[in-house]
Structures are given as C-alpha cells and as structure tokens.
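My notes are below, in the order I took them.

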Amino acid sequence: MVADSGVGLSAGAGRQVGPTPAPPRPGLRERRLYIPRMTEGGTEALAATFRSVGLDAVVLPRPDARTLELGSRHLAGEECLPAKITLGDFLKVIEAPGFDPERAAFMMMTADGPCRFGQYAVTIRKVLRDLGYPEILVVSPTSEDSYQDLGGLGRELVRTGWRAVVASDILRKLLLKTRPYERTPGEADAAFTESTRDVCQVLGQQGLRVRDRLQALAASLTRARDRFRAVPARYEKGRPLVGVQGEIFCRHEDFSNDQLIRRLEACGGEGWISDIGEWVWYCNSEQERVLWATGRGLSFAALGTKLRDHVQHADEAALRVPFAEDFIGYEEPTHIRELLRAGERYLPQSGALGEMVLSAGKVDHFFRQGADGIIDISPFSCMNGIVSEALYPLQSQEHAGIPIKSFYFDGKGKDITHDLEIFLELARAYQRRKPHPRRYPPWFS
C-alpha cells in the first residue's frame with residue numbers, strides 16, 4: 001500500500017513522508033508570452049496591453065516559407081491555412097537558439113461554434129506534447145465569454161485590450177485610405193509604423209489610471225491623424241473602393257493572403273477592410289443572445305454584458321472623436337445589430353455562427369456606403385468562406401449587381417494579379433451605375 005500511495009520513508013527522520021515534491025511550474029508572470037501575428041499593428045498593440053500588467057509579451061516574427069514547412073509537417077493536411085501558420089510560427093520560435101520551454105507561453109485565442117478555429121489550441125497542445133514540450137503553457141481565452149477571462153489578469157487588461165483593438169483599427173483605416181494616394185511610395189507605411197510605435201508606448205505603460213490612459217491614447221491617435229494628413233498625396237476621386245471581408249485571420253495577415261490589399265492598390269483600387277472590433281461586438285452580441293435563449297436574459301450576467309457594452313461604446317466613441325472628417329465615407333455601423341439585421345434574411349445569427357454571419361450583413365453596409373465592389377478573403381476549404389460564397393450571387397443581384405469576388409488561399413503563392421484586374425474592371429463598370437454614390441473627405445478634389 002505504501003508503494004501504491006506514493007508514500008516513502010525519510011531516511012533522516014525515520015518517519016513516513018511524501019516524495020520530494022516537484023518544483024511548481026512557472027506561472028504566466030514568469031514566462032515570455034508569444035502572440036501570433038495577425039494584424040499589422042494590431043498584434044503589437046495587444047502585446048503592449050499585456051506588458052501594461054507586467055507580462056513579458058512579444059509578437060512572433062512574420063510568417064515565411066519555414067512557417068508553412070513546420071506547420072504542414074505536424075498536421076494531417078486537412079487543416080486550414082491559419083492553423084498551419086500559427087502552429088508553424090510557434091515551432092519556429094522553439095527552433096530559436098536559447099529557447100526555454102519552461103519560461104514560454106503561447107497565446108492562442110479560441111472560439112465556440114463550428115469553425116475549426118476552436119480546435120487550434122487543442123492541436124497545438126497535442127503537437128507540443130508529441131514533440132516533448134508539455135511544459136510550454138498555451139493561453140487560450142475563448143469567444144464564448146467574449147474573451148473576458150484572459151488568464152485571470154483582471155478588468156484593467158480587458159479594457160486596455162479593447163482600446164488596443166479600437167486604436168489599431170483606426171490606424172489601419174488611416175493607412176488604407178492614405179496609401180493608394182501617396183505621392184512617394186512608402187510614406188504612408190512609415191507614418192503607420194511610427195504611429196503604431198507611439199500607440200504601443202501608451203498602451204504598454206504600467207500604473208496608468210484608466211482615465212489617464214484613455215486621454216493619452218486619444219492624444220497619440222490625434223498625433224497619428226496629423227502624421228497621416230501630412231503625407232504628400234494626390235486625392236483624386238474615381239479610384240474604385242473595394243470592401244474587404246471574410247475569415248478574420250486570413251483577411252488581415254498579409255502573408256496568408258499574399259498581400260492582396262497591396263496588390264489591389266497596385267492595380268488601381270482602394271481597400272476598405274472590416275475591423276477587428278466588428279468581431280468583438282459580434283461576440284458580445286452572441287453572448288447576450290445565448291443568455292436570453294437559456295433563460296438568463298434578466299440575470300446578473302446579462303447586466304454585466306450591458307455594462308461592458310456601455311463602457312466599450314464610450315471608449316470607442318472617445319477615441320474616434322478626432323477623425324470625424326478623416327472617416328467621411330468610411331463610417332462603420334453604429335451598432336452590430338445593423339449588420340445582423342441586414343444579413344438576417346440570408347443567414348440569421350441564431351442559425352449560424354462566425355464570420356459568415358457578419359459577411360452576410362456587411363455586403364449591405366458596403367453597398368450603401370458607395371463601395372464599388374466587395375472581396376471575400378478565406379483560407380482554402382474554409383466553411384465560412386464556402387457558405388458566404390454561396391450567398392453572394394443572390395446578394396449581388398439584390399444589391400444592384402455590385403461585384404463580389406471570393407479569393408481562397410492555401411499558401412501556394414498563386415499570382416492573383418490577373419483576377420484582381422478583371423474584378424476592378426467589373427467594379428469600374430458598376431461604379432458608373434451604382435445607386436449609392438460614395439462620400440469623400442473634404443480634401444478629395
């Protein structure tokens with residue numbers, strides 16, 4: 001019985017004691033937190049948010065061919081491209097000299113619902129165990145609670161994280177509305193890099209009061225606005241404006257989509273990409289819907305969601321104040337319910353989950369904002385992309401024939417320039433007869 005219970009004898013004292021306990025595994029605060037790169041600037045802002053509460057958070061290097069090689073080697077082959085890229089980037093870090101698995105943590109968000117994204121964290125843990133790295137901590141907040149439980153690090157982290165999302169969405173919008181019109185290539189990107197660094201410095205400061213951080217972040221974004229306004233540019237009307245939506249990782253991560261927006265710009269278009277904040281609002285809405293569906297619509301949990309939404313709306317409004325002129329013609333829906341209502345007859349929220357619900361509603365928003373076409377970016381075999389593509393012919397027909405094109409990516413690097421050129425010709429033809437004219441900021445000639 002002694003052997004079965006794991007109890008032994010102490011040679012020194014001659015009494016029964018337990019075995020020497022293993023030293024406790026280092027917690028999150030004793031580790032370096034590696035965050036997969038998804039949005040340019042947005043992931044850096046998220047890492048800065050974690051640094052604001054004392055964590056050593058860094059962004060993974062940009063994906064490359066080695067990323068795909070490593071990710072593909074340890075997967076079955078049926079997984080989508082973002083699964084290969086995130087796993088491959090983590091394995092690339094493990095290869096780096098001096099890597100200490102005892103002091104490493106990998107961030108991998110997850111989600112409820114039918115998408116394979118919900119299995120990423122599970123798969124990563126399995127691969128790490130198979131490779132002999134069970135000690136690496138995988139941090140995996142979930143969309144089921146709207147990412148509120150971020151390792152028990154508190155409300156301050158969640159609120160700063162939301163501000164990071166809003167700020168990075170603003171910077172991306174500034175970049176994409178400026179870069180197609182810049183006189184000297186690279187100046188808009190330089191303004192974006194400097195602005196991201198400035199925003200991250202504010203987000204990463206420790207010990208700032210909630211109100212002080214909001215004021216400092218608003219000031220940083222105002223500096224970014226002025227920096228982009230100072231970029232020499234030729235703002236001429238007529239360039240086709242293309243709404244970009246689809247699977248959230250692939251549409252935002254440039255390596256995954258083969259630099260689609262830059263290629264679109266080189267072909268004469270302008271891209272307007274759906275925000276990351278849109279997904280957060282959708283998760284909030286879905287959490288509230290589930291509470292009502294399970295009879296908890298009048299519970300303390302439901303009250304908490306209302307208070308959270310109120311605070312997030314207030315923070316978002318405060319950070320967007322300086323951009324009233326800059327974002328004329330680029331306005332986002334005032335509430336996520338607008339998108340859900342617009343898409344309900346095609347794909348109701350209660351009957352489906354994920355980006356496909358948002359894509360169904362965003363078609364109507366881009367249409368009414370005067371966009372000249374819509375592009376859907378998805379990984380090859382993505383369920384969200386396949387369902388959305390099935391809806392687009394009817395949606396195009398019922399929205400005055402606005403051209404909608406789906407692009408799928410599998411990491412093979414197919415040249416899409418010819419397809420983009422054909423699509424832009426369709427967009428220009430639609431531009432001449434579209435029922436909703438595009439609105440422009442005042443500096444467009």
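**Ground rules.** I am working on a predicted model, where local features need pLDDT of at least 70, side-chain atom pairs count only at pLDDT 80 or more, and totals for chains, interfaces and linings use all residues. I number residues from 1 along each chain as its sequence is written, and my side-chain values use heavy atoms, with hydrogens and water left out.

**Helix 5.** I take helices (H or I, at least four residues) and strands (E, at least two) as DSSP runs, numbered from the N terminus. For burial I use relative accessible area: buried is under 20%, exposed is over 50%, and partly exposed is in between (1.4 Å probe, protein chains only). Which residues of helix 5 are buried? In this helix, residues 120-130, I find Tyr 120, Ala 121, Ile 124, Val 127 and Leu 128. They sit on the same side of helix 5 because they cover an arc of only 125° around the axis, the arc being that of the directions from the helix axis to the C-beta atoms. I remind myself that an α-helix has 3.6 residues a turn, so residues three or four places apart point the same way. On the face turned away from the buried side I see the exposed Arg 129 and Asp 130. The cover over the buried residues includes helix 4 (81-95), strand 5 (104-107) and strand 6 (137-139), where contact means heavy atoms within 4.5 Å. After helix 5 comes Gly 132, with a positive phi near 90°.

**Ile 336.** I find this residue in helix 13 (residues 336-343). Ile 336 is buried, at 8% relative accessible area. Beyond residues up to four places away in sequence, Ile 336 touches Glu 278, Trp 281, Tyr 282, Ser 285 and Leu 358. I also checked Trp 279, which is 57 residues from Ile 336 in sequence and 9.2 Å away in space, C-alpha to C-alpha.

**Ser 256.** This one is in the loop between helix 9 (248-252) and helix 10 (260-266). Is Ser 256 buried or exposed? Ser 256 is buried, with 2% relative accessible area. Leaving out neighbours within four places in sequence, I list Leu 81, Ile 85, Phe 249, Cys 250 and Phe 409 as its contacts.

**Salt bridges.** My rule is a side-chain nitrogen of Lys or Arg within 4 Å of a carboxyl oxygen of Asp or Glu. How many salt bridges does that give? The count comes to 39. One of them joins Arg 227 and Glu 194 at 3.6 Å, N to O. Arg 227 is in helix 8 (residues 210-229) and Glu 194 in helix 7 (residues 187-204), so the pair ties together parts 33 residues apart in sequence. Glu 194 is partly exposed, at 40%.

Next I noted Asp 275 and Arg 320, whose closest N and O atoms are 3.4 Å apart. Asp 275 is in the loop between strand 8 (270-273) and helix 11 (277-293), while Arg 320 is in helix 12 (residues 300-320), 45 residues apart. Asp 275 is buried, at 6% relative accessible area.

Asp 258 and Arg 263 also pair, with closest N and O atoms 3.4 Å apart. Here Asp 258 is buried at 18%, whereas Arg 263 is partly exposed at 26%. I also logged a network of salt bridges linking Arg 37, Glu 40, Glu 44 and Arg 62.
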